[in-house]
Amino acid sequence: MITGETKSKIDRIWNDFWTGGISNPLTVVEQFTYLIFIKQLDDKQILMEKQANLLGVPIEKPIYTKEQSPLRWSNFKNKDPETMFDLFTKQQRELEDITAFDFMKTIGAEGGEFAKFMKGAIFMIQSPKLLDKVVQQIDQLPLDNRDTKGDLYEYMLSKIAEAGTNGQFRTPRHIINMMVEMTQPKKDDIICDPACGTAGFLVSAGEYIYHNHNDWFQDKTFREHFNTKMFNGIEFDPSMLRIAAMNMQLHGMETPVLIGKDALSEANADIENEYTLILANPPFKGSLDYDEVESSLLQTTKTKKTELLFLSLMLRTLKVGGRAAVIVPDGVLFGSSRAHKSIREELVNNQKLEAVISMPSGVFKPYAGVSTAVLFFTKTNSGGTDTVWFYDMKADGYSLDDKRAEIKDNDIPDIVKRFKNLEAETERARTDSSFLVPFKEIKENDWDLSINRYKEVVYEEIEYDEPNMIIGLIKEIDKSRKDALLNLEKMMN
């Protein structure tokens with residue numbers, strides 16, 4: 001967690017952007033991201049120079065040449081605002097007509113995964129004063145600490161949601177962490193989010209491993225796996241890809257596999273039986289034309305609805321034995337269309353559906369009041385669903401209104417604890433917050449997965465007085481009222 005002091009610094013940077021004329025929160029994060037990247041390039045070169053001086057050898061592949069030193073953060077941060085602004089906005093003839101911003105866009109493998117997605121990046125800071133303010137404040141941020149730099153970037157991303165714009169890109173962090181903790185990423189997992197946005201799920205999975213299995217990093221084979229193939233994200237929005245790449249880089253995940261395509265399109269038809277764990281909150285309520293969708297997805301469920309198509313995609317891209325935790329709108333659980341029923345039958349009858357966590361409608365407020373659920377399933381292609389565990393989440397630790405203020409009531413610790421010991425759930429009654437439902441009953445209910453179909457509600461019996469007694473009480477009250485009115489008239493006369 002970042003301290004109050006670091007939060008205050010991020011808040012000041014955010015406010016400076018806004019007062020400086022950049023009001024789109026996504027643009028603020030993008031510009032913040034570019035400047036952090038430029039600083040990181042210089043920090044890497046400084047580290048190279050220290051190592052070279054220590055060993056007494058020249059740097060093999062420097063990021064900046066000696067002639068390009070004016071473009072380095074450590075150099076231009078000390079310049080006056082006008083000179084610094086010119087370095088970012090005017091081509092420098094003595095530096096082969098390149099600017100500090102253009103240099104960032106042309107950097108190769110030395111820049112890490114983030115550098116691949118720089119095409120199309122635009123410098124949006126319009127004044128020397130704003131650039132100088134932001135540069136000086138970023139220079140004071142603790143970007144040399146792995147945990148802190150990841151947390152401060154997450155805090156900046158959380159402000160997208162707070163601003164009330166582009167909030168759809170942010171799944172609540174505590175919900176992401178719950179899903180990751182319940183799936184417990186393994187040492188050899190190949191993890192994917194097919195609609196990764198800012199890469200919150202992938203970052204959380206990496207942090208889970210870092211904090212719970214730090215000893216794994218002593219194994220060279222695992223380190224190579226962690227840094228190359230373990231984390232995979234698909235996202236069609238270039239801005240989101242840049243932010244996702246930086247988010248992962250700042251959390252110590254240098255070279256994840258990030259694909260800049262629409263996950264549902266023909267362009268990704270070659271991704272099949274690839275992943276062992278999928279964590280996702282795919283887009284809801286979208287609708288595509290059939291000719292836009294990769295044809296194999298329609299074989300599982302012929303539909304135009306994105307929430308159903310993404311489930312079909314997950315079943316195709318998972319390896320047999322692979323697990324998935326995915327957020328879906330409630331309509332997926334009980335929709336009566338042929339497409340809805342076929343995807344539910346596929347999950348319950350042909351795969352192994354393990355759990356349905358029903359979440360309250362306020363979880364995604366203030367942006368959406370839609371009720372959602374989390375599905376946990378394993379791809380088997382041979383069935384295996386004996387029982388499905390249902391949990392009726394009533395509270396997630398935050399108020400369910402637009403303010404989403406922190407509260408004491410929180411079912412998440414109980415959910416995680418019970419999910420890890422489902423054997424103990426067999427004796428739970430249908431009136432409890434969680435219980436098991438056998439395969440046969442789900443099949444008889446047309447594969448309905450809504451918790452209200454199976455949960456029993458006990459209504460509290462309320463006893464009322466006899467009507468004659470109630471009428472008598474009303475008469476007494478009426479008499480008292482008349483007496484009071486007569487007394488008032490006597491006092492006035």
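**Cores, ring pairs and domains of a predicted model**

Phe390 and Phe435 are both buried. The ring centres of Phe390 and Phe435 are 6.1 Å apart and the planes meet at 20 degrees, so the pair counts as stacked. Phe390 sits in strand S8 (residues 387–392) and Phe435 in strand S11 (residues 434–438), so the pair ties together parts that lie 45 residues apart in sequence.

The chain as a whole can now be described. The protein chain contains 18 helices and eleven strands. Its C-alpha trace spans about 100 × 80 × 45 Å along the principal axes. Of its 493 residues, 50% count as buried. Among contacts in the protein chain with a separation of 6 or more, 73% are between residues 24 or more positions apart.

The domain assignment divides the protein chain into domain 1 (4–150) and domain 2 (179–453). Taken over C-alpha atoms, the centres of domain 1 and domain 2 are 36 Å apart. Domain 1 supplies 22 residues to the contact, and domain 2 supplies 18 residues. The size of an interface is often given as the accessible area lost when the parts come together. For domain 1 and domain 2 the area buried between them is about 1800 Å², with 59% of it on carbon and sulfur atoms.

The interior comes next. In soluble globular proteins, nonpolar side chains tend to be buried together. Here the largest nonpolar core has 101 residues, and Phe32, Phe88, Ile138 and Phe231 are those with the most contacts inside it. Helix H2 (residues 25–55) gives the largest share of this core, ten residues. Both domain 1 (4–150) and domain 2 (179–453) contribute residues to this core, so it lies between them. Apart from this core lies another, of 41 residues, which includes Ile190, Tyr275, Phe390 and Leu449.

Leaving aside neighbours within four places in sequence, Phe88 is in contact with Leu35, Ile38, Phe76, Thr99, Ala100, Phe101, Phe123 and Leu131. Phe88 also belongs to a cluster in which ring pairs link Tyr34, Trp73, Phe76, Phe85, Phe88, Phe101 and Phe123. Phe76, Phe101 and Phe123 are named among the contacts of Phe88 and are also members of the ring cluster.

A pair of aromatic rings is described by the distance of the centres and the angle of the planes. The count of aromatic pairs comes to 21. One of them, formed by Phe217 and Phe222, is edge-to-face, at 5.2 Å centre to centre and 80 degrees between the planes. Phe217 counts as buried at 18% relative accessibility, where the cut-off is under 20%. Phe222 is also buried, and its relative accessible area is 3%.

Cys192 is buried at 1% relative accessible area, and Cys196 is buried at 5%.

Helix H8 (residues 173–183) has eight of its eleven residues buried, so it is largely enclosed by the rest of the structure. The buried residues in H8 are His174, Ile175, Ile176, Met178, Met179, Val180, Met182 and Thr183. Just after H8, Gln184 takes a positive phi of about 45 degrees.

The last stop is Leu333, which is found in helix H14 (residues 331–334). Leu333 is buried, with 3% relative accessible area. Not counting residues up to four places away in sequence, Leu333 touches Val328, Arg344, Val356, Ala373, Leu375, Trp447, Asp448, Leu449 and Ser450. The C-alpha atoms of Leu333 and Met179 are separated by 18 Å, and the two residues are 154 residues apart along the chain.

Note on methods:
Residues numbered from 1 in each chain as written. Predicted model: local features only at pLDDT ≥ 70, side-chain atom pairs only at ≥ 80, totals over all residues. Heavy atoms only, no water. Core = buried A, V, L, I, M, F, W, Y, C linked by side-chain atoms within 4.5 Å. Buried < 20%, exposed > 50% of the residue type's maximum accessible area, 1.4 Å probe, protein only. Helix = DSSP H or I, 4+ residues; strand = E, 2+ residues; numbered from the N terminus. Domains from an automatic or database assignment. Contact = heavy atoms within 4.5 Å. Phe/Tyr/Trp six-rings, centres within 6.5 Å; stacked < 30°, edge-to-face > 60°. Buried area = accessible area lost by both parts, 1.4 Å probe.
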